[in-house]
Amino acid sequence: MDYIIDFKEIVEQAPAEEPARQYYFMDRVRELVEMKKQEGYAAHCMVEVMGCQMSAKDGEKLLGILERCGYTVTEDDRDADVVLFTTCTVRENANMKLYGRVGRLKHQYERRDGMIIGITGCMMQEKDEVEGIRKRYPYVRLVFGTHNVYKLAELLYQTLVTGKRTFEVLEDTKLIVEELPSDRRYRFKGAVNISYGCNNFCTYCIVPYVRGREKSRNATAILRECEQLIADGCLEITLLGQNVNSYGNDIPGSTSFPELLAAVAELPGLRRVRYMTSNPKDLSDELIEVMKTHPNIERHIHLPLQSGSSAILKRMNRHYTKESYLALVEKIRRELPEVALTTDIIVGFPGETEADFQDTVEVVQQAQFDAAYTFIYSKRTGTPAASYEQVPEEDVKDRFDRLLKIVQESSAANETRDLGKTMEVLVEDENKNQEGYLTGRLSNSVLVHFPGPKELIGTMQMVKLTESKGFYYFGELVGRQSEAQYCETGSI
Ligand code: SAH
Ligand code: SF4
């Protein structure tokens, strides 16, 4: 059956301001979906997150909008009428992964009448990738970028009614649309964006180009969202920004990050607050002080090193040196001895010599990270480093393998630190590998597995750490906390 819908008229009647306009389109999609359901349309949707925590947060927003549009979440793409991907493009292999997934959905698209496969996220901010999808993947019917995730309902409506492919990617935006629906993966923990984009322009990194200039959210809106999450049963909140330390720099007279973090930590009922990511160039004494005075701020700092060579750091445009980084680590260890330090390291940045690499090794050995995420440099078109002279592949591979070993040794040594102690754990999930076991996190983000009933998921429990496995612990429940804050886990 064809529905008689005057698309032009519907669009003309839509409110101009946001978020009212999007709520209007969510209602229009919902009406359409209800009609289609009469004819057997299942209205199942799925969002597949392929990137970082920002991408996961976008995924929650997309799911929230789809549910409000009348769709029900499924985890099986064979059963989905709408499948959306939130993509990553930080490294080349992320792009490859997307094309593999989309390719495998073709068969599905041919079998399922009216199926919509859509792609958003960082990769869609790259013109060449979008053009490639336009030509090579005709069954991808919806493409939008990082700046108009909020517009999903409007774009979906257009795709459903016109039957045409919808492509809308904006270069940048100053607009932040608040108060849209969101569907959280876990009821007991949530993430809140405090800023979008990045102004740092590290020379290897595509993020400022695909996420745009830094835009901080208003502190009142952030606190309101945190309060709603707590009221909704959240025990833990993660504050998200590409560089949380520069929060507010774009708003004259704004609250600083340490002030914002303190205000969130002081919200009644919040058991834990975390943040990602903190650039070493501007991690302030105030931030350390706020962490000292607020025990519910997670005892974990992710402090991306990228390279231990001052010369490479300069060419990466990181604004710190090997010495200043090590001095900062020392200060953190002195002021906050229980903090776990984790890092990101890039191996094989253009021009990296064996001596530069040895500087990285030295920093790793001295800093004794609890965990380090190591990446092979990936050339990103459009970034300054793409035009620098690249390091031969075999040298990079050899350095990467050596670094991985050193990193594993140093983090394994750290993870016996708390052995034998009884510590508070936020219980997050059932342990998939061991029947009857649960998995949770310590305040320093380290994983603990212990036997226990699944009703404890979403509660804080005291667990004795009985065995260290290098990167995680096994433990035993000590007593049982009475608060019945547990709730179901879903997934996106
Ligand atoms: N804003 C965060 C980083 C986001 S990207 C920060 O500054 O810490 C996450 C990580 O990906 C970076 O820390 C870096 O180690 C890695 N990365 C970014 N661009 C890369 C590239 N071109 N090649 C390899 N790794 C890269
Ligand atoms: Fe990329 Fe540097 Fe910005 Fe992090 S701080 S997102 S690495 S440009």
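Which residues is Thr360 in contact with, leaving aside its neighbours within four places in sequence? They are Ser307, Gly308, Ser309, Ile345 and Leu403, where contact means heavy atoms within 4.5 Å. Thr360 itself sits in helix α14. Helices here are DSSP runs of H or I with at least four residues, strands are runs of E with at least two, and both are numbered from the N terminus. Thr360 is buried, at a relative accessible area of 2%. Buried means under 20% relative accessible area, exposed over 50%, and partly exposed in between, with a 1.4 Å probe and protein chains only.

This is a predicted model, in which local features need pLDDT of at least 70, side-chain atom pairs count only at pLDDT 80 or more, and totals for chains, interfaces and linings use all residues. Residues are numbered from 1 along each chain as its sequence is written, chains are lettered from A and ligands numbered from 1 in the order in which they are written, and side-chain values use heavy atoms, with hydrogens and water left out.

Glu362 pairs with Lys322, and their closest N and O atoms are 2.7 Å apart. A salt bridge is a side-chain nitrogen of Lys or Arg within 4 Å of a carboxyl oxygen of Asp or Glu. Glu362 belongs to α14 (residues 354-367) and Lys322 to α13 (residues 322-335), so the pair links distant parts of the chain, 40 residues apart. Glu362 is partly exposed at 36% relative accessibility. Lys322 is buried at 11%.

The structure holds 44 salt bridges. One of them joins the side chains of Glu92 and Arg380, at 3.1 Å from N to O. Glu92 lies in helix α4 (residues 92-104) and Arg380 in the loop between β14 (371-376) and α15 (393-414), so this pair ties together parts that are 288 residues apart in sequence. Glu92 is partly exposed, at 39%. Arg380 is buried, at 3%.

Another salt bridge is local. Glu131 and Arg134 meet at 3.3 Å, N to O. They are three residues apart in helix α6 (residues 127-136), so about one helical turn separates them. Glu131 is partly exposed at 35% relative accessibility, and Arg134 is partly exposed at 38%. Elsewhere, salt bridges link Glu352, Glu354, Asp398, Arg399 and Arg402 in a network.

Next come two packed helices. Helix α2 (residues 20-38) and helix α7 (residues 152-162) pack at about 35°, with axes 8 Å apart. The axes are lines fitted to C-alpha atoms, for helices over the stretch in contact, and angles run from 0 to 180 degrees between N-to-C directions. From α2, the contact includes Phe25, Met26, Val29 and Leu32; from α7, it includes Leu156, Tyr157 and Leu160. By class, the contact has nine nonpolar, one polar and four charged residues.

Finally, turn to ligand 2. Among the residues around this ligand are Cys198, Asn200, Phe201, Cys202, Cys205 and Arg318, each with a heavy atom within 4 Å of it. Asn317 lies in the loop between α12 (310-316) and α13. Leaving aside neighbours within four places in sequence, Asn317 is in contact with Asn200, Phe201, Cys202 and Thr203. Asn317 and Thr203 are 114 residues apart in sequence, yet 6.1 Å apart in space, C-alpha to C-alpha. Asn317 is partly exposed, at 24% relative accessibility.

Definitions and conventions:
Ala, Val, Leu, Ile, Met, Phe, Trp, Tyr, Cys and Pro count as nonpolar, Asp, Glu, Lys and Arg as charged, and the others, Gly among them, as polar.
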